[in-house]
Amino acid sequence: MFSLLNIGSLVLGLIAWILPLIHLLGDHRRSALKWGILSLSACAVSLCLQLFYTYHLVSIEDWSALMDTTGAVASVAAVLLIVTLLLNAMSLMVSKKSAAN
């Protein structure tokens with residue numbers, strides 16, 4: 001049951017990256033703000049699911065799993081957040097440039 005938290009986190013992380021890419025590759029006349037809010041929300045929920053999974057490992061006192069995975073989870077969470085922010089910033093810039101033309 002709790003392993004679904006990791007799968008959900010992965011799926012939502014991919015959605016957080018795909019949504020701004022859809023806006024960048026698709027119709028720029030649509031609101032980048034809506035796509036950005038959905039993307040950042042998916043990123044936030046993805047990170048929250050990872051926190052819930054870490055809490056689960058602490059509550060069952062699986063210290064070896066925590067020691068083995070915490071570094072990788074922190075690194076991947078940082079990459080997810082940075083890439084999501086960059087993609088959404090690019091999407092907003094392209095949208096603003098299209099609106100100016």
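## Cysteines

In this predicted model, the sulfur of Cys43 lies 11 Å from the closest cysteine sulfur, that of Cys48, which is too far for a bond. The structure accordingly holds 0 disulfides, a disulfide being a pair of cysteine sulfur atoms within 2.5 Å.

Cys43 is buried, at 2% relative accessibility, whereas Cys48 is partly exposed, at 31%. Buried denotes under 20% relative accessible area, exposed over 50%, and partly exposed the range in between (1.4 Å probe, protein chains only).

## Nonpolar surface patch

Met1, Phe2, Leu4, Ile7, Val11 and Ile15 make a nonpolar surface patch of about 620 Å². Ile15, one of these residues, belongs to helix 1 (residues 3-25) and is partly exposed at 33% relative accessibility. Helices are DSSP runs (H or I, at least four residues) numbered from the N terminus.

Patch residues have over 30% relative accessible area and no salt bridge, and nonpolar side chains are joined within 5 Å. A salt bridge places a side-chain nitrogen of Lys or Arg within 4 Å of a carboxyl oxygen of Asp or Glu.

## Largest pocket

Helix 1, helix 2 (32-59) and helix 3 (63-100) each contribute at least two lining residues.

## Basis

Residues are numbered from 1 along each chain as its sequence is written, and side-chain values use heavy atoms, without hydrogens and water. Local features need pLDDT of at least 70 and side-chain atom pairs count only at pLDDT 80 or more, while totals for chains, interfaces and linings use all residues.

Conventions. Patches are made of residues with over 30% relative accessible area and no salt bridge: like charges are joined within 9 Å, nonpolar side chains (Val, Leu, Ile, Met, Phe, Trp, Tyr) within 5 Å. Accessible areas come from the Shrake-Rupley method with a 1.4 Å probe; for residues, only the protein chains shown count as cover.
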